[in-house]
Every structure is written in structure tokens, then in C-alpha cells.
Amino acid sequence: MSAIYTTICYVLLAPLVGGLITGLDRIVTARMQSRYGPPVLQPFYDVFKLFGKANLTVNRFHSYYLVCFLVFIVMSGSLFFAGEDLLIVIFALIVADSFLVLAAYSTNSPYSCVGAQRELLQMLSAEPMMLLSAVGLYMVTGSFNVSEIASYGKPLILYLPGVFVGLVYILTIKLRKSPFDLSTSHHAHQELVKGITTEFAGPSLALIEIEHWYEMILLLGMVYLFFAFNPVVGVVAILFVYFIEVVVDNTNARVKWELMLKSAWLITIILGVGNLFVLYFVLHL
Amino acid sequence: MGLHMNWILFLILFPLLPAVLLLFFRSVSIQKWIVLVASALVCAGSIGLAVTCTQAKGQYFPITSDIFNKLIVAGDIVLALVFLYVCRRLPLKRYWIPLLAIVQYAAVVWFDLSGRVPETTHYIFVDNLSVIMALVIGIVGSIIAVYTIGYMEHYHKKHPEIPDRRGKFIATTFLFFFAMYGIIFSNTITWIYFFWEITTLCSFIMIGYSRTKEAVHNSFRALWMLLVGGLAFAAAILYASSICGSVDLRQLLAMDKSVVMLPILLMSFAGINKAAQFPFAKWLLGAMVAPTPSSALLHSSTMVKAGVYIVLRCAPVLHDTAAGAMVALVGGLSFVAASALAVSQRDAKLVLAYSTIGNLGMIILCAGIGSHLTLWAAVLLIIFHALAKALMFLCVGTVEQMTGSRDIEKMHGLITRMPLLTIIMLVGIAGMFLAPFGMLISKWAVIEALATRNPAFPVIVIFGGSLMLFFWMKWMGKLIAVTGPQPRQDEGIGIEWFALTGLAVLTTLAVPLYPFVGIHMIEPLYGFSPMLNWNVIWIVGIMLGLILILPLGFFIHWKNLVHVEPYLCGANVTDTHQFMGSLGSARDWSFRNCYIDKYFSEEKLFRGALVGSIVLLILMFSMEKL
């Protein structure tokens with residue numbers, strides 16, 4: 001029964017919490033840049049304003065892909081918070097991402113398409129580490145089910161430090177934060193304009209923002225799993241990880257895709273796979 | 001029991017009838033009816049067998065009369081002569097191709113005639129794995145046969161320079177069915193060997209069909225590579241009969257591992273060879289010069305599936321051995337290398353070929369590990385891969401006929417030119433990698449099954465899978481770009497629609513049907529799998545529902561949309577494919593996918609994969625005693 005409540009909570013509250021975190025993110029970022037920054041609720045004001053604008057579109061299919069995108073993100077997060085299989089959560093997230101990429105391709109606009117390809121490269125960089133974390137969590141807890149992983153009771157971070165660091169590394173890619181904001185970013189860039197979101201305007205752009213909040217909560221939920229033995233520690237860990245992301249975002253310039261792909265795979269192999277091998281030999285000796 | 005035997009004999013022998021008839025009747029309309037009726041019967045026969053006969057433990061059908069055995073020996077001799085005949089025009093320096101055939105047949109026939117092959121009465125065998133294979137061959141194969149009729153019509157119109165021997169071509173298709181049913185229902189390895197070599201001959205004929213220089217070259221390459229596998233199979237027969245004292249496959253599998261390891265490894269080697277794994281990948285890549293239906297056949301329901309089938313049969317012996325792990329690593333290497341190579345390919349058929357090698361690699365990986373859960377996943381992979389891959393080949397073949405190109409870049413905006421075909425193609429691509437379609441269910445099962453073992457294996461699947469996602473997605477993106485009104489190009493597709501829509505529906509239907517197949521056929525064979533948990537089935541069901549219902553929204557005309565032109569960073573020119581450059585002149589823009597030649601090209605990766613796989617194969621044989 002509790003699975004249903006947590007799922008409903010996720011569907012209803014994730015945009016609120018996600019929006020608040022984004023608001024805090026903007027304030028912290030502003031302080032780091034010696035600015036005052038917007039009010040905490042600014043992300044919500046932005047979204048409401050976007051909903052009020054005209055829905056510009058280059059073809060009539062294009063904004064509908066975003067509906068599919070949103071549905072699958074919510075589905076993925078719901079499965080996670082219902083305590084289901086972590087692998088299918090990741091697979092559903094991939095389906096969702098795929099719809100975003102397809103939306104960008106369907107525009108037949110050069111800037112969108114560059115963004116779409118870069119988004120694919122981002123998926124290619126990040127996906128192995130996501131799935132590897134699921135395998136790592138399985139190796140310790142003996143289950144892929146989020147509910148059983150979360151109620152395992154022991155601090156998983158002690159078994160999987162390498163996997164955790166790897167996951168935090170690719171979290172920057174998944175959250176599209178600098179230095180890995182290749183496919184799109186908060187500020188327009190010369191060679192990319194707005195990348196994958198170039199052709200979205202008004203309500204469509206608002207949907208993307210909401211989707212981003214859902215996705216953020218899901219990803220932070222995955223971070224939480226490593227500290228689930230103690231909810232307080234878990235929440236602190238989440239806030240700490242997110243703060244690190246903000247610091248990294250503010251101190252790094254965007255890198256080229258090659259560096260992203262190579263570094264992400266290298267970290268996945270050295271820290272992630274290395275961790276799993278050590279764990280395997282410790283468990284089987 | 002007698003009834004089952006009749007189904008099996010019907011399935012093995014019946015395809016010979018249309019094969020012979022097609023050689024004699026030259027009239028196209030008669031050929032068409034022969035193919036339609038025969039395909040329907042083959043398909044019905046396979047379904048009939050599946051409905052009446054599900055055998056968890058497997059059932060033998062003893063044949064006491066020796067006549068069949070004599071027929072097989074006679075067949076071997078005839079086949080050897082045919083191989084020598086097709087090699088008659090080869091230059092002398094390629095003497096080793098006929099030599100490969102001579103050596104293996106001389107040895108096998110001599111062993112047989114001199115009575116060195118042990119007697120057995122258990123020639124025919126059926127269990128659920130054979131039944132599933134029969135369904136795949138019967139349903140997917142016969143749909144491809146129907147497609148062939150329409151395709152060859154167009155093919156010969158487009159290529160008047162190629163002699164019209166379509167009767168022979170379709171006859172070869174049915175000969176293929178004969179050989180495939182022979183392989184999956186035979187229990188003695190001498191019989192399997194006979195049918196095994198027929199599939200080699202069939203692919204040789206199909207690949208060389210157009211008789212262009214490239215086709216002939218590729219067909220001989222396929223011939224010698226596949227004969228190497230045949231040679232290994234022949235060696236397995238010799239070893240099994242002289243050392244193990246039996247050619248009965250089930251008896252061999254039940255023997256002590258130390259005794260039987262070598263012949264099993266030789267057969268696995270033959271399977272790896274037939275499944276076009278590295279280092280033998282080249283023959284399948286060359287096979288794309290043939291008319292598309294033959295590629296569809298080779299890649300999906302026949303040929304390569306014979307290869308993975310035999311390794312799957314050998315799995316109980318390979319389980320928990322060092323040599324078995326090497327078999328798994330050959331598959332894993334092929335999976336990762338082929339998926340990486342596919343990233344750099346622009347030719348749609350080459351992408352499909354590499355993805356076949358990759359997916360079969362995943363099946364070999366599962367079979368080499370050989371635990372119940374991995375075998376489960378392997379069977380799912382066989383079913384789903386056959387459907388989606390056949391569909392993809394038929395789509396690409398049709399696109400090539402209609403547009404004259406199979407370059408993925410030229411498929412840009414295909415959805416505006418051939419909407420229906422593109423939607424079918426999208427189903428095929430989604431079937432290859434996207435949740436909740438079949439291949440993803442299988443990948444899920446594979447990762448779950450592998451996670452309990454050495455982490456090297458899940459890592460292989462995860463990295464290969466990510467590369468696979470990458471190349472399928474960028475292809476999909478090309479297809480769905482909406483480029484504005486374009487002339488329709490899908491006129492003139494006739495009977496092919498039946499095959500295309502049929503396979504698209506089956507690719508989708510296979511998803512909700514997998515629990516039934518799992519419960520009735522795979523579970524009795526390999527035990528329970530977590531893929532049959534109600535939670536899993538529910539999730540797959542919900543996702544499938546979403547992915548089928550959501551796209552209906554594309555047909556809704558949203559009212560509040562304001563149409564604009566794509567942003568081109570400056571003043572647009574009236575033509576959306578041009579923009580106003582900084583010097584005030586209109587300039588074209590175009591957009592291409594990335595192929596990352598720098599890292600994933602054939603020059604960079606192919607040789608490494610060859611060397612790696614050869615090393616693994618050497619290790620495999622040297623670890624035979626471990």
C-alpha cells in the first residue's frame with residue numbers, strides 16, 4: 001500500500017520540490033557570482049509565464065513528442081518510488097530521453113539536430129554508469145527492486161564508493177550542468193543556440209522545465225539509495241551532492257563531447273567496474 | 001506420439017516439394033501460387049506442432065530401419081560432389097576451398113561406410129527448444145518467402161542485366177527450410193551435419209545470385225568460411241564416434257564433461273562460425289550483396305539461428321567451465337565490437353548486419369555461460385530478434401527499391417515521403433532496442449541473469465547495449481525529420497505490404513505474448529525466471545500500452561499551434577533549406593548524422609576484434625581440460 005502513496009507523492013510533489021531546488025540552485029549560483037539572485041519561487045513564475053505564451057512550433061507533431069517524453073519520465077520516476085526494478089526504471093528513463101531526441105530531430109532544424117546528436121552522446125556517456133550502479137546495488141543487496149535496496153539496512157556507500165563517485169560524475173551529464181551541458185544549456189551559446197530545445201517555445205518549453213524537475217528528483221532518489229540506511233544522512237547526502245554539482249557547474253567551462261565521452265567511460269570502467277570486481281572477489285572469497 | 005512424428009516429418013520433408021516444383025514451373029503466376037500455398041502450409045505445420053506437442057523433457061522418435069541413415073550418407077556424398085561442382089571454375093591458387101570440402105567429407109563418409117560411426121536408433125528428437133525454433137522458422141521464414149515474390153518482381157525490372165532465375169532463388173528458400181527443420185529435429189550429429197552443410201550451400205547460392213563480380217567473390221568467401229565451421233563439425237563427429245562412442249547428441253550431453261568437452265567445443269566452434277561471430281563476421285557482412293529477402297532469411301530465422309541453436313544445445317556441457325566462459329567471451333567481444341562498428345556505418349544493410357552479429361553475440365554469451373536464467377534470456381533473444389530483424393531487412397529492401405538507395409543519410413525525412421513504411425520501420429527499430437519491446441525485455445533478462453556472476457559479463461552487455469542505443473536512435477531520428485511536403489514514393493508496393501505489416505504486428509504482439517511462451521514453453525525447459533513475475537509482466541504491459549496509445553496523439557490536430565520556420569540564426573530565406581549568410585547571400589544548409597569514424601571505423605576496430613576473437617578461440621580449445 002505504501003508503494004501507492006509514495007508514487008502519488010512523487011507525481012504530485014516532485015515538480016514542487018524540483019522547482020524549489022532549482023530556485024535554491026539559482027540563488028546559490030548567484031551568490032557564488034556575487035549577485036543577489038532571484039526569489040526562490042522564480043522557477044515557478046517562469047513556468048507559469050511560459051504557459052501563457054503562444055505555442056510556436058515548426059510542425060504539428062513536434063511538441064507532441066514532449067507529451068510522450070513527460071509521460072515516460074513520470075512513469076520512470078513512479079516505478080522508482082513504487083519500489084520496482086531499478087533496471088526498468090533506467091530503461092523507462094531512456095525511452096523518455098529518446099522521445100526528447102526524436103522531438104529535436106523531427107524539427108529538421110540544424111541547431112535542434114546538433115543538440116539531438118549531442119544528447120545522444122550524453123546518453124552514450126551516462127547510460128553505462130547508470131546500469132552499472134544498478135548491477136552494483138544488486139551485487140550487495142541481492143535484489144534489483146528499489147524497495148528492497150532501500151530497506152537493506154546497511155550503508156551501501158561503504159560497499160560501493162567507486163560506483164557512487166561514478167554515478168555522481170555522470171549526474172552532471174544527466175542534469176545537463178556545465179561542463180557537460182552539451183545538448184542544451186540555460187544560456188544560449190554561439191554554436192548551439194539552445195541546442196535540443198531551440199525550437200520549443202511557450203508551453204512546450206514549460207513542459208521541458210517540469211520534466212526536468214521530475215527527472216532531477218528521480219536521479220537524486222538514486223543517490224539516496226546509497227545512504228538509505230539512515231534517512232537523515234540520505235537527505236544530507238543529496239543536498240551535499242547537489243551542492244557539489246552547483247559548484248562544478250559554476251567553476252567549469254563546457255567541454256567537447258570527446259572529453260565527456262572518454263572521461264565518463266574511463267571513470268565508469270576504473271571506478272565503477274573496478275569497484276564491482278573488488279566487491280565480487282571480496283564476496284566470493 | 002505418432003501424430004507428433006507426422007508433424008515433424010511433414011515439416012522436414014514438405015519444403016522439398018515446393019523447392020522442386022519451383023525449379024520446374026517457370027511461369028511467374030504459378031510460382032506465386034506455389035509459394036503462397038507452401039508458405040501457408042509450412043507456417044501452419046509449425047503452429048500445429050507447437051499446439052499439439054510441447055515437450056519439456058524432450059521426446060525421441062526411434063527409427064529402426066536403416067534406410068534413412070543410408071540416405072543421409074548418400075546425401076553427404078551428393079553434397080560433397082555439389083561443393084566440388086560449384087568450385088569448378090575457381091582459379092587454381094584457391095585450391096583450398098574445394099580441399100576444405102574434400103577433407104571433411106572424405107573423413108565423414110569413410111567413417112560412416114566403414115562402420116566406425118556407432119549405431120543409434122534415436123534419430124529424431126523434439127523438445128520445447130526445437131518447437132520454438134520451428135515456430136520462428138515457420139512463421140518468420142514463410143512471411144519472408146511471401147515477400148520474396150513481390151520483391152523479385154521489382155528486382156528483375158530494376159536490374160534487367162541480371163539473368164532471371166527467381167524460381168531457383170525461391171526454391172533455395174524452401175531448401176533452407178528443409179535444412180533448418182532437419183537441424184532442429186535431428187538428434188544424431190551425423191544427421192545434423194548433413195543439414196548443416198545444406199544451409200552452407202543455400203547461403204552460397206543466395207549470396208552469389210546476381211553473379212556480379214562482387215557477389216561471386218563474397219559468395220566464395222562465405223563458402224570457405226562456412227566450410228571451416230563444417231570441418232570443425234566433421235572433426236566433432238570423428239572424435240565423438242571414436243573416443244566417446246556415440247553420435248547421439250543427448251547421450252553426448254549427458255556424458256562426463258572431461259570426455260565430451262572437445263567434440264562439444266568443436267560444435268560450438270561451428271556454431272560460432274555459422275552465427276557469424278568474430279573472427280568469421282566477414283561472411284555475413286559480404287552477404288548483403290544478395291537480394292534483400294535472402295539477407296532477411298540469413299539474418300533472422302535461418303542460418304545464423306542454426307549457429308546459436310547448436311551452441312544453445314551444447315550449453316549444459318559448457319556451463320561452469322573455463323572453456324564455456326571463453327565461448328561466452330567470444331560472444332561478448334562480438335557484441336561490443338559489432339555494436340561499436342555499427343556506429344560508423346552509413347549503409348543501412350551494414351548497420352543491420354553488424355547489429356545481427358552483435359545480437360547473436362549476446363545469445364552466444366548467454367549460451368556459453370549456460371545457467372538456466374541466461375538460457376532463458378537466450379531463447380527470448382532468438383524469438384524477438386528474428387521478428388524485428390526480418391522486419392528491418394524487409395523495410396530497408398523496400399526503401400532501396402523505391403528510392404534507389406540504402407544510405408541512411410538519404411532516408412532523411414522518409415516519414416514525409418513514405419509515411420506508412422516509415423511507421424513500420426519505426427516499429428522495427430523500436431523492437432530492436434527500445435523498452436518495452438522484445439530485445440529490451442531480453443536485455444533486461446540478460447543483465448538480471450548475469451548480475452549474479454562475474455561482473456565482466458554484465459559490463460560487456462551494458463557497454464554494447466549503450467552503443468546499440470546510439471546507432472539505432474540516430475537512424476530513427478533521420479527517419480522522422482519532417483521536411484515539409486514531398487512527393488510520395490511508396491506507390492507500387494504490392495504483396496510486400498502483407499509481409500511488412502504482418503511482421504510489424506508480430507513484433508508488437510510478441511511483447512504481450514512473451515509470458516505465455518515463457519510459461520508454456522521456456523519454463524518447463526529451463527525452470528522459473530524472474531521475468532515471469534507478475535510485477536514485471538504488469539510493468540511491461542503498462543509500458544506497451546503507453547507506447548501504443550501515446551502515438552495516436554500525433555494524429556490529433558492541436559488548435560493553438562502557431563507555425564513558424566526553423567530558426568537559422570539570422571534572416572530565413574523563403575526556402576527553408578537556405579539561410580542568409582553574413583555577406584548577404586543565400587546559402588544552403590544541410591545536416592548529417594555523426595558517425596564518429598575517428599573511433600569506431602572498420603579500419604580502427606575490425607582488426608582488433610579479429611585478433612581478440614582468435615586469441616579467445618585458441619584459449620577456448622586450450623582450456624578444454626580445465
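This is a predicted model: local features need pLDDT of at least 70, side-chain atom pairs count only at pLDDT 80 or more; totals for chains, interfaces and linings use all residues.

Biologist: How many of the 31 residues of H6(B) are buried?
Modeller: A residue is buried if 20 or more other C-beta atoms lie within 10 Å of its own. By that count H6(B) is mostly covered, and the number of buried residues is 26.

Biologist: What is the radius of gyration of chain B?
Modeller: Chain B has 25 helices and 5 strands. For its 626 residues the globule rule gives 25 Å, and the value for the chain is close to that, so chain B is as compact as a globular protein of that length. Its C-alpha trace spans about 85 × 55 × 50 Å along the principal axes. The radius of gyration of chain B is 25 Å.

Biologist: What percentage of the contacts in chain B between residues at least 6 apart in sequence join residues at least 24 apart?
Modeller: Of the 626 residues of chain B, 57% count as buried. For the contacts you ask about, the share is 81%.

Biologist: What does the globule rule give for the 285 residues of chain A?
Modeller: The radius of gyration of chain A is 19 Å, close to the value of the rule, so chain A is as compact as a globular protein of that length. Its C-alpha trace spans about 60 × 45 × 40 Å along the principal axes, and 55% of its residues count as buried. The rule gives 19 Å.

Biologist: Which element gives the most to the side of chain B that touches chain A?
Modeller: In total, 49 residues of chain B are in contact with 53 residues of chain A. On the chain B side, helix H20, helix H21, helix H23 and strand E3 each supply at least two residues. With 12 residues, the element that gives the most is H21(B).

Biologist: What is the bridge partner of A:Thr57 in E3(B)?
Modeller: Strand E1 of chain A, residues 55–57, is joined to E3(B) by 3 bridges, and the two strands run parallel. The bridge partner of A:Thr57 is B:His563.

Biologist: Is B:Gln277 buried or exposed?
Modeller: B:Gln277 is found in the loop between helix H11 and helix H12 of chain B. Among the residues it touches are B:Val330, B:Ser334, B:Leu360 and B:Ser613. Because 35 other C-beta atoms lie within 10 Å of its own, B:Gln277 is buried.

Biologist: How far apart in space are B:Gln277 and B:Ile364, C-alpha to C-alpha?
Modeller: The two residues touch. In sequence they are 87 residues apart, but in space the distance is 8.8 Å.

Biologist: Which residue does a cis peptide bond join to B:Pro279?
Modeller: B:Pro279 is found in the loop between H11 and H12 of chain B. Omega of the cis bond is about 5 degrees, and the residue joined to B:Pro279 is B:Phe278.

Biologist: Is B:Asp320 buried or exposed?
Modeller: B:Asp320 lies in the loop between helix H14 and helix H15 of chain B. Its phi is near 60 degrees, a positive value in a residue other than glycine. Because it has 12 C-beta neighbours inside 10 Å, B:Asp320 counts as exposed.

Methods. Residues are numbered from 1 along each chain as its sequence is written. Chains are lettered from A and ligands numbered from 1 in the order in which they are written. Two residues are in contact if their C-beta atoms, placed from the backbone, lie within 7 Å. Helices (H or I, at least four residues) and strands (E, at least two) are DSSP runs, numbered from the N terminus. Two strands pair if DSSP finds at least two bridges between them. The radius of gyration is taken over C-alpha atoms; the globule rule is 2.2 Å times the number of residues to the power 0.38. Lists of a residue's contacts leave out its neighbours within four places in sequence.
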